[in-house]
Amino acid sequence: MVPNLKNPKRANELVTVFIQALRPPPRLTIDEWADRYRILTPEASSEPGPWRTSRFPFTREIMRELSPQSPATEVVLMGGSQVAKSEIALNLQGYTIHYSPAPMLYAQKTIDAVKRYSKQRLAKMIEACPALRRKVKRAKSRDSENTQLVKNFPGGILILGGANSAASLRSMPMERLMLDEIDSFETDIDEEGDPVELAVRRTANFSRRKIYKVSTPAVKETSRIEPAFESGDQRYYLVPCPHCGFFQKVTWQHIKWERGQQGTARMVCEACKADIPERFKTQMLEAGKWVATHPGRKIVSFHLNALYSPLGFFSWVDAVSLWEKYLQRRDASLLKVFLNTVLGETWSAAGKTVDYTGLEARRETYAAPVPEGVLILTAGVDVQDDRLEMEVVGWGEHEQSWSIDYAVLWGDTEGTEVWADLDEYLAMTYKHEKGYALRIAGTAIDSGFRARKVYNFCAPREFRRIFPVKGQDGFGKALIDRPLRRNKEGVWLFMANVDEIKAKIYSQLSIVEPGPGYCHFPKGIMYDQRYFQGLTSEKLVDKLVNGKKRLVWELPSGKRNEPLDCRGLSISALNILNPRFEAIKNRGLAYGAVMPREARPKKRGVLSKGVEV
Ligand SMILES: [Zn+2]
């Protein structure tokens, strides 16, 4: 390795790399270091005091592979929650700062997230461990050496980066790299490409580099951690049965319980079929061992679901409760949470379609224009060039919904007349089954087309909660992104994450029994075959976009999708309002009820901005 003297900065980097290559490996491994020096604080841990690797026996081998004594350069951990994933990262950071200095980069999905981490986790760890406190100078306001995003210590540096900022990832060569929760990372940042590739490139010069990728998996089609895990040797933690000694994985298939009696949750041994109560978990974890499915592969990869979480953290009873909650509501978002955080598996929405004929066949005759279960009305408006299409939807507890009214307002949307019609339409009231009239509580209008017209319409009607909403792609996000300020046209523009919203609609449409999430449709001329075909027109498919597999909603050519868009906009309006259904229900009066003056109850304020009762 000959330093290139024409580029002093580069030469300097190479010298650093060269010196580090000569360094003898340290004596302690990360787990040994943590057992000796790491202190958990009451703020950061439910079990304050000295760290004990024996409390999380499965973390020992992961930390050994991350230690300089192991030749592994890439270590992957895909797992559920409560299995000490972030503690392993903190131990590696502490080890590097105090005991085995090297340049190190730790990244989370955004700069803001990593700043919070720095303040709440890293700073607290340094503060609590005398060994670390001596190495890192306290961050002072004007101190450029140590900030929230840079920690200097003798012989090394820790840089904290955000996967949403290319600049924060390409600072300098890094011997150790930690990418935390990589399934939440963007795929392309600042037009400089993939943040993971960008960060990994920083480690290229180091023969003893360590790349630690860790995440709870998210959506299958866009997951980074799952392919990373699969490219490795795929180690699973096997534990012995306390009765017969047979080593096995702890999987959801092993957990049994009496339906409705979560306390009966137990594991059943796959060899002797005996019940294993959860109190045996501690001894089973202690006696457990990692076994690779593909031994010999260069990348070392571990899988851990939350069922391995030690006693006192996440229990089998907790897992069963979450599953029963899902069974009760049949809400796809709960299923996703269960798969991702409990089983440590990805969730896939691919290929989901709904048969429109079934929906058409289940139309009902409502007892009143607005049935009793409705607690709030929202409207969604789709803008075309020759018409506006809109739907009014009534929402009840647990987002059970009733389609109330679908309308097409014809007219040139560049002109003014059709907007005046819309204004009138949105001011209408609907008769509730309990006798009173109900106003539309909030409206979302698609501003993806004719943005200026939509802004002009919404701006003076903000007090009626009529907002422009613009769609954007992307899975794994909240349904609605709230703006921090008005846009330059002076309106509150909300961003709707249409991929997630459509997934939600499809999961609700596939519920077949009235109850949480179920969609009711009225018998009425607007709810005809055309409507249901439009509502179910799109299909979720795998597509190659810029050479990468992505999950996209596809509209077959010649099909119309306005009913689906209107429904998505109504959901957007509901999420902007974010009503407290329980409070509205307890009051016994739907939100937005228009009553004769003397009949109005005094209690107000069910939404943050209270308008009428
Ligand atoms: Zn057994």
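This is a predicted model: local features need pLDDT of at least 70, side-chain atom pairs count only at pLDDT 80 or more; totals for chains, interfaces and linings use all residues.
**Entry 1**

Next I looked up W33, and W33 counts as buried because its relative accessibility is 0%. Both W33 and Y37 belong to helix 2, residues 30-37. They are four residues apart, about one turn of the helix.

I noted a second pair of rings here: Y95 and Y99. Their centres are 5.5 Å apart, with 45° between the planes, and the pair is tilted. Is Y95 buried or exposed? Y95 is buried, at 0% relative accessibility, while Y99 is partly exposed at 23%.

**Entry 1: Counting aromatic pairs**

How many aromatic pairs does a search of the whole structure find? I got 26. I then returned to W33 and Y37: their ring centres lie 5.9 Å apart and their planes meet at 35°, so this pair is tilted.

I also found a cluster linked by ring pairs, made of W51, F56, F58, Y237, W290, F302, Y308 and F313.

**Entry 2: Charges over rings**

I looked for charged side chains over ring faces and wrote down two cases. K249 lies over the face of Y236, 3.9 Å from the ring centre. R461 does this with F457, at 4.1 Å from the ring centre.

A reminder to myself: in soluble globular proteins, nonpolar side chains tend to be buried together. Here, the largest nonpolar core has 116 residues. Which helix gives the most to this core? Helix 18, residues 562-577, does, with eight residues.

Back in the largest core, the residues with the most contacts inside it include F58, W252 and F521. I listed what F521 touches, leaving out residues up to four places away in sequence. Among its contacts are L359, Y366, L509, Y527, F532 and L535, and also R362, R363, E364 and R567.

I traced an open sheet of eight strands, in the order 23-24-22-21-16-17-18-25, with mixed pairing. Why is one side of strand 23 left without a neighbour in the sheet? Strand 23 (480-481) stands at an edge and has a single partner strand, so one side stays without a neighbour; strand 25 (519-520) is placed likewise at an edge.

Inside the sheet I checked strand 21 (residues 442-446) and strand 22 (residues 466-472): they run parallel and are joined by four bridges. A444 stands opposite F467 in strand 22.

Helix 14 (residues 417-426) packs on this sheet, touching strands 16, 17, 18, 21 and 22. Its direction makes about 155° with that of strand 18. Helix 15 (residues 451-458) lies across strands 16, 21 and 22, at about 150° to strand 22.

**Entry 3: One glycine**

Last, I looked at G263, found in strand 12, residues 261-268. Is G263 buried or exposed? G263 counts as exposed because its relative accessibility is 68%, and the cut-off for exposed is over 50%. The C-alpha atoms of G263 and S321 are separated by 9.1 Å, though these residues are 58 apart along the chain.

Terms used. Residues are numbered from 1 along each chain as its sequence is written. Side-chain values use heavy atoms; hydrogens and water are left out. Helices (H or I, at least four residues) and strands (E, at least two) are DSSP runs, numbered from the N terminus. Buried means under 20% relative accessible area, exposed over 50%, partly exposed in between (1.4 Å probe, protein chains only). Rings of Phe, Tyr and Trp (its six-membered ring) pair if their centres lie within 6.5 Å; planes under 30 degrees apart count as stacked, over 60 as edge-to-face and the rest as tilted. A charge sits over a ring if NZ of Lys or CZ of Arg is within 6 Å of the ring centre and within 35 degrees of the ring normal. A nonpolar core is a set of buried Ala, Val, Leu, Ile, Met, Phe, Trp, Tyr and Cys residues joined through side-chain atoms within 4.5 Å. Contact means heavy atoms within 4.5 Å. Two strands pair if DSSP finds at least two bridges between them. Axes are lines fitted to C-alpha atoms, for helices over the stretch in contact, and angles run from 0 to 180 degrees between N-to-C directions.
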